[in-house]
Amino acid sequence: MAYQKPYGMHDILPEEQPYWEHLRRTFRDVCERYGFGRLDTPVLEQTVVFLKGVGEGTDIVDKEMYCFTDKGGDNLTLRPEFTAGVMRSYLEEGMRSRPQPVKLASIGPMFRRDRPGAGRYRQFHQVNAEIIGTDDAAADAELLAMAASFGAALGLGALRVLVNSTGCPACKPPYLAKLAAFLRERRDRLSALDRERVDRNPLRVLDSKEPETRAAIAGVPLLGDDLCAGCRGHFAEVRALLARAGIEVEESPLLVRGLDYYTRTVFEIVSAAAPDAGTLLGGGRYDGLAEMLDGPQTPGVGFAGGIERMILALKAAERSPRAARAPDVFIAYIGAKAKEAAFTLAEALRRAGVAAVFGLGNKGLKAQMKLADRTGAGLAVIIGEAELAEGKVQLRAMGESRQELVPLEGLVASLASRVARGAP
């Protein structure tokens, strides 16, 4: 074809929509149970929001962002993630004056010029939740519990919850110096990409998926061994609270996540049924993000989940969501006057709360009835001009060969009542 969707992006077809609706509905329900309010931020942000908030030296900023200068000379970027924009909104909209912490939830598209793969697109979609304005370890535990509850409510099956602590500005710098020295000794054994990271951002090497790098860093010093007393206590409290709530977690000492703003707690949730889908939900604490955006010190913690990846996991677990509602009534017609009556009847039924489909396209009756069967409608109304002249129509329960002649007057109320009762 001459015109195609951009490489790495995808159309979400009608048959896929039940998965999306199931996911959105479940996320809304979980957000309500945990007391989160909806926040929608622009798809575009000033580029500096991500340069400062996500961090230069990350793959997102260096290689994946869609940036451009608009006609007014503003440098803008299609958002590659939610959190930096959410924090910008929190600061700009004066949310510090509200009772703290503020709980915010978002859902929408992201854009990264990444390598496409299973569940990985250049326009993808995320759910997102943030607790901003407290450094309480209970916020970390609550956010993580919410992510796990969401995964369970979706029907993702057995989930693995991986946790770690990445330290704070007091204990992280000495560790980074030790890590960089370790990696320099093994630089020639690392992948080309990770050799570049050693001096710029050594922590990213721990997050590498390259096989040669994973082999080379065996025996790497662990940040958990160098945590300060404050970070140790914080991480211990998070784990204890989760254990009391019956949420099993696995400590993952190399887990660091891929963004610069993380401090202390980080976590990822993966599906045992669909390990190839990768991380389904992940996040952590980001106590320095507000300061990166030139705001006052404001602690926060959050998570994001990839919708496409979660749908992949749902399919792998053979969890089919509720199918989209089939029409209650299909209206077929024969002749021009019958077509006008069919159109009028369809609109009247819809206003009465009945899902009605009108046979478009001037097809013959046989073709219309085939279409009626494909739609899954429970009832069919057939309007012929001879019957219409007598104020009557044919009514058929789909799947049955017989049909009955019924008055057109009062038909809307009769069908609405019949559909409400669930009668065929």
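Two strands are taken to pair if DSSP finds at least two bridges between them, and the strands (E, at least two residues) and helices (H or I, at least four) are themselves DSSP runs, numbered from the N terminus. The model examined here is predicted, so local features need pLDDT of at least 70 and side-chain atom pairs count only at pLDDT 80 or more, while totals for chains, interfaces and linings use all residues. Residues are numbered from 1 along each chain as its sequence is written, and side-chain values use heavy atoms, with hydrogens and water left out.

By the pairing rule, three strands make an open antiparallel sheet in the order E2-E4-E3. The edges are held by strand E2 (44-46) and strand E3 (66-69); each has a single partner strand, so one side of each is left without a neighbour in the sheet. From one strand to the next, the twist averages 35 degrees (axes are lines fitted to C-alpha atoms, for helices over the stretch in contact, and angles run from 0 to 180 degrees between N-to-C directions). E3 and strand E4 (residues 75-78) run antiparallel and are joined by four bridges, with Phe68 standing opposite Leu76 in E4. Helix H2 (residues 47-55) lies across E2, E3 and E4, and runs at about 75 degrees to E2.

A second open sheet has five strands, in the order E13-E12-E14-E15-E16, and its pairing is mixed. Here strand E13 (356-358) and strand E16 (403-407) stand at the edges, each with a single partner strand, so one side of each lacks a neighbour in the sheet. The twist in this sheet averages 25 degrees from one strand to the next. Strand E15 (residues 392-397) runs antiparallel to E16, and five bridges join the two; Arg396 stands opposite Gln403 in E16. Helix H14 (residues 365-375) packs on the sheet, where it touches strand E12 (329-334), strand E14 (379-384) and E15 (contact means heavy atoms within 4.5 Å). The direction of H14 makes about 175 degrees with that of E12.

Turning to charged side chains, a salt bridge is a side-chain nitrogen of Lys or Arg within 4 Å of a carboxyl oxygen of Asp or Glu, and the count by this rule comes to 18. Glu21 and Arg24 form one of them, with the closest N and O atoms 2.9 Å apart. These two residues are three apart in helix H1 (residues 17-34), so about one helical turn separates them. Glu21 is partly exposed at 36% relative accessible area, and Arg24 is partly exposed at 26% (buried means under 20%, exposed over 50%, partly exposed in between, with a 1.4 Å probe and protein chains only).

Arg197 and Asp194 also meet in a salt bridge, at 2.7 Å from N to O, and are likewise three residues apart, in helix H7 (residues 192-200). Both partners are buried: Arg197 has 8% relative accessibility and Asp194 has 0%. In another salt bridge, Asp287 and Arg285 meet at 2.7 Å; Asp287 is buried at 15% and Arg285 at 0%.
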